[in-house]
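Biologist: Hello! Could you walk me through this structure, step by step?

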Amino acid sequence: MKPFAYARPGSVAEAVRDVAAEPNAVFLGGGTNLVDHLKLGVARPDLVVDVRTLTSREIGDLPDGGLRLGAASTNSEVAADRRVRERYPVLAEALLAGATGQLRNLATTGGNPLQRTRCVYFQDVTTPCNKREPGSGCSAVGGYTRYHAVLGVPAALPDASAPETCTATHPSDMAVALAALDAQVQVLGPAGARTVPFVDLHRLPGDDPSRDTVLEHGELITAIDLPPLPVGARSAYRKVRDRASYAFALVSVAAVVAGDDVRIALGGVAHKPWRATRAEEVLRDGALTGDAVRHAMDVELTAAQPQPGIDGGNGFKIPLVTRTVVATLRDLEATA
Amino acid sequence: MDADITLRVDGETRRLTVDTRTSLLDALRERLGNTSPKKGCDHGQCGACTILLNGDRALSCLALAVAHDGAEVTTADGLAPQGELHPVQQAFLDHDAFQCGYCTPGQVCSAVGVLDEVRRGWPSAASADLTADPELTDAEVSERMSGNLCRCGAYANITPAVQQAGGVQA
């Protein structure tokens, strides 16, 4: 492992200044992803700035009836919080569907959405990867694609040698729920504080697959706000994976139904948590019958691009994600 | 680069100087001579290194020692301070919940954490009702212990051991 300096400054503002001043500096939260990347050589920082004990660990009520999750609150604490369980079950279920007890006790609200893809090539420094080493190419093209994207992949790609190619998926379960909840991300940076809608936090690969989010260097998540849901709103998270527990999603669905409004976010299918806005539009004001939901998902998946691969490819995700949305909404309707 | 830290390990205050790259696991094993937590995968995938960190179960391989200066660490060794077995340890013996034993200290620490989480009413992915008090069913124990792999495959005995320690009548 490459040597690095470690700092735990006296305040969040100081931590932001420290990272902003050193181009090769990173923030450390719970460390469950970063420490692994230090060992693998995926992350090679000169300076690690520990913010775990600087940002708030509180889960507090907001004046509008929502909740503010301090960046240092752990995934366990958020999943166990009574208000989260009662008012935002989709978030508690997503958190509990991810990782394991001893990881959730370390992992934080601020860090979870910033965890990086588990693409095997990204994590293997001996292989080309545009995300890890911009311009080196993409080893996933024609390789192992079972866990890779089918949405948000431009038709001209993938091309193994193009610097834009990246078919990696975002691995977080929590992030899919936060996208469906229209959460707001509180960010502190060298230029001051700003609020980023959660659905805009993550980006598609575009012309720079190395960037997972819109955060600039030195910008730190200090809290995530959950807006209040209308009275009577119901929500749920459903995850499909290769094992019963402790595995990343092949596909996952976070759904919120509030009156005539339905919100659907998909995991395991794109470079970012994917809000199925086209399907939502089709379903607005209509009955959530199985046929209606299947039709809405057909519309959503018009541009889907299955990736061939030596493992049989990932075309199975297209019918699977539709069925998972149908099942999630069916169960939510059954509890209405 | 070095850093001076203090850890409270199994009730004893230990001061040491560590390279900033040192994991809590390596600090315990290589520097403090506590080989109770095991190094299985060293990437957070197997659970053999599980300890109680300020009372909560955590993976010591993914924690930097320097980031946990001042922490209270309990290993499986520290659960039996005067040689008297912890109820979870006794239950593992009673149920023959291991074969080679390599994963056992991690399993035991994890189980102690699980029972505490259940006492606090924390739900799991196996809980049908997120807001109800969880019960130690087979499905709940399997889900909650899923971060501890046992390549001998002693799971069928680990589950009843955890249930016994949790007060479930066989």
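Modeller: Gladly, and one term comes first: a residue is buried if 20 or more other C-beta atoms, placed from the backbone, lie within 10 Å of its own, exposed if 12 or fewer, and partly exposed in between. This is a predicted model, where local features need pLDDT of at least 70 and side-chain atom pairs count only at pLDDT 80 or more, while totals for chains, interfaces and linings use all residues. Residues are numbered from 1 along each chain as its sequence is written, and chains are lettered from A and ligands numbered from 1 in the order in which they are written.

Biologist: Is B:Asp10 buried or exposed?

Modeller: B:Asp10 lies in the loop between β1 (2-9) and β2 (12-19) of chain B; strands here are DSSP runs of E with at least two residues, and helices are runs of H or I with at least four, numbered from the N terminus. Within 10 Å there are 22 other C-beta atoms, so B:Asp10 is buried.

Biologist: What is the phi of B:Asp42?

Modeller: Most residues other than glycine have a negative phi. B:Asp42, in the loop between α1 (24-31) and β3 (50-53) of chain B, is not a glycine, yet its phi is positive, at about 65°.

Biologist: Which element supplies the largest share of the side of chain A that touches chain B?

Modeller: Counting two residues as in contact if their C-beta atoms, placed from the backbone, lie within 7 Å, 28 residues of chain A are in contact with 32 residues of chain B. The largest share of that side of chain A is 4 residues, and the element supplying them is α5(A).
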